[in-house]
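Hi everyone, thanks for coming.

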Amino acid sequence: MSRHDEIRDFLLAEFLPGVPANELSFDEDLVATGILDSLAVYVVVAWLGDRWSVPLAEDALDLADFRSVNTIERFVAARLADPDRTGSPHRTLDEISAD
């Protein structure tokens, strides 16, 4: 199973129980559709840490990294390729939540 499939399957199980896998595309905007919000991203982050030991700092996450299965997978790939990279050059979740 690919990392994309694992991410999609987790999102379906956690946030969309009963929805068939073929109804969630890898490019679907999870934020715009309301599937993920800033709180849900913390659930995803915790799972990523457990599943792939993704190094990150929760205070330096960008909601844009969690907009789709594809962006989550790129986030994971980047963190695994560079374990010293824990933050994001983008706005934090707290900054986004304050909007």
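Let's start with a term: contact here means heavy atoms within 4.5 Å. This is a predicted model, where local features need pLDDT of at least 70, side-chain atom pairs count only at pLDDT 80 or more, and totals for chains, interfaces and linings use all residues. Residues are numbered from 1 along each chain as its sequence is written, and side-chain values use heavy atoms, leaving out hydrogens and water.

The protein chain has four helices and zero strands; helices are DSSP runs of H or I with at least four residues, strands runs of E with at least two, numbered from the N terminus.

Now, α1. Its buried residues (under 20% relative accessible area, 1.4 Å probe, protein chains only) are Glu6, Ile7, Arg8, Phe10, Leu11 and Leu12. These pack against α2 (38–52) and α3.

How do α1 and α3 pack? Helix α1, residues 3–15, and helix α3, residues 69–81, sit at an angle of about 120°, with axes 9 Å apart. Axes are lines fitted to C-alpha atoms over the stretch in contact, and angles run from 0 to 180 degrees between N-to-C directions. The pair is therefore oblique, the class left over after under 35 degrees (roughly parallel), over 145 (roughly antiparallel) and 65 to 115 (roughly perpendicular).

Who meets whom? On the α1 side we have Arg3, His4, Ile7, Arg8 and Leu11, and on the α3 side Val69, Asn70, Ile72, Glu73, Val76, Ala77 and Leu80.

Conventions
Buried means under 20% relative accessible area, exposed over 50%, partly exposed in between (1.4 Å probe, protein chains only).
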